[in-house]
Amino acid sequence: MRSLFLRIFLVVWAATVVVAAIVVASSPFFTRARPGVERWERGAEVFLGERVEWAARRIERGDRLPGPDEERRRDLDEEHRGRGPGERPGLRALAPLFVLGPAGEPRAGPPPDPEVLRFARRVAEAGTPLSERAGLVHLVGRPAMTPGGEVLVVVSAARRPPRLLDLLEPGALAWRLALLTLVVALPCLWLARQLSTPVTALRGATARLAEGDLAARVEQRFAERGDEIGALARDFNAMAARLDALVGSQRRMVRDVSHELRSPLARLRVALELARQRAGASPDVALDRIEREAERLDAMVGQILTLSRLDAASAPGRREPVDLAELAAGVAADAGFEAAARRVTVAVEAPAPVIVAVDADALRSALENVVRNAVAHTREGTAVRIAVARTGAGAEIAVADRGPGVPEAALGSLFEPFFRVEEARERARGGAGLGLAIAARAVRLHGGEIAARNLPEGGLEILLRLPV
């Protein structure tokens, strides 16, 4: 069966047919006998007989029949004596008393219905107590003679239909309901698993692909299905393979171009040295400019190669225990030489050693890029602060500068390759927008996180969080 739509339709349809068949097959069990209804009918007849007998005796003694208020008081008295309305099949308000003459003329009680009048005439003609049950309506009547010799007829009728619980037999219905539930649950469970399992697998593969795992694929057993879900899984795998090929091709191109640039750069620097030798001792501004640009180009190529290497890696290199406080102090010392020209200092705050197993070279490169970025953007005469601390589940390195900060909308893009907040200013400083991207790749390769935030007092803070 290749169509998921057809599969859903047939399964639901088959389950409905089976349930309907069970209901039809078991219907005789519901209609053959209803003990609850029979108990209600027997109880109603006994109650009505007692009620009629009580009223007839009062008439024969010459006593006055009680009104509605007295009826309610009598109900309360019987409840206090342990026989409340819950033990009787109906309340007195639903089983009124009628007192009629021999010809059916009303003498006491509410106005009688035609069926009550007809029943009273039959009781008067018979001269004996009668009981009649028509469906759920019960009539009980009895002749009574007053002390003056007049014959009256006392009738009581119960018109309340039985409650739903009276019609149901929990003991007889329990196993049928359990069987129906099981019959419906099994195909629904199978259908739910058929739908949810591949969707869950597809969702997991999508999440891995979104996190950058270009090797994420849906399992082959789902891709081999012949329905729409199988087609979706095959399309997803084809899309992921195409993305993997495109990104891989781009990375190879960047790596190859970077490698190819190294050779002409090396030749350019050799030619530059030869030109300086021919120029002699006289300074040449053009040659100095060429040398600076060649150095920048060489640094940029090195950063591109580093970023390409980190992108291709699935795990950090050789891990070894490293004291982050000591690592930060070394990076601060190196950056301090460059910062001194702008009267910028680099200070480290590390109350205690923080030992983490990391790839020392990769993490040092990441921290250097972050610190150099902070030194480049902080104001002259200020300080760049590097704080190293142990957190609950790992370690944290915070690098803060006293620069202008970054627009809030740009914070999430700081770690993207070649991203610059201010294009002209970044180019003037020689930045290519790769330093923070390299730092982010190195930190995430260690299973950590990197984030940026603007400080309330001004400046930008970069947070590197690493698991211990």
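The model is a predicted one, in which local features need pLDDT of at least 70 and side-chain atom pairs count only at pLDDT 80 or more, while totals for chains, interfaces and linings use all residues. Residues are numbered from 1 along each chain as its sequence is written, and side-chain values use heavy atoms, with hydrogens and water left out.

Glu-461 forms a salt bridge with Arg-385, with 3.2 Å between the closest N and O atoms; a salt bridge here is a side-chain nitrogen of Lys or Arg within 4 Å of a carboxyl oxygen of Asp or Glu. The pair links distant parts of the chain, 76 residues apart, since Glu-461 belongs to strand S12 (residues 460-467) and Arg-385 to strand S9 (residues 383-390). Helices (H or I, at least four residues) and strands (E, at least two) are DSSP runs, numbered from the N terminus. Glu-461 is buried, at a relative accessible area of 4%.

Across the whole structure, a search finds 17 salt bridges, and a network of them links Glu-53, Arg-57, Glu-60 and Arg-142. In the salt bridge between Glu-53 and Arg-57, the closest N and O atoms are 3.0 Å apart. Because these two residues are four residues apart in helix H2 (residues 35-61), about one helical turn separates them. Glu-53 is partly exposed at 24% relative accessibility, and Arg-57 is also partly exposed, at 46%.

Arg-142 forms a salt bridge with Glu-60, their closest N and O atoms being 3.2 Å apart. Since Arg-142 lies in strand S4 (residues 137-145) and Glu-60 in helix H2, this pair ties together parts that are 82 residues apart in sequence. Arg-142 is buried at 15% relative accessibility, whereas Glu-60, with a relative accessible area of 35%, is partly exposed.

S1 pairs with strand S5 (residues 151-158) in the antiparallel sense over four bridges, two strands being paired if DSSP finds at least two bridges between them. Leu-97 has Ser-156 as its bridge partner in S5. Strand S2 (residues 106-108) runs antiparallel to S1 and is joined to S1 by two bridges, with Pro-106 of S2 opposite Leu-100. Five residues lie between S1 and S2 in the hairpin that they form, and Gly-104 in the turn has a positive phi of about 95 degrees.

Methods: Buried < 20%, exposed > 50% of the residue type's maximum accessible area, 1.4 Å probe, protein only.
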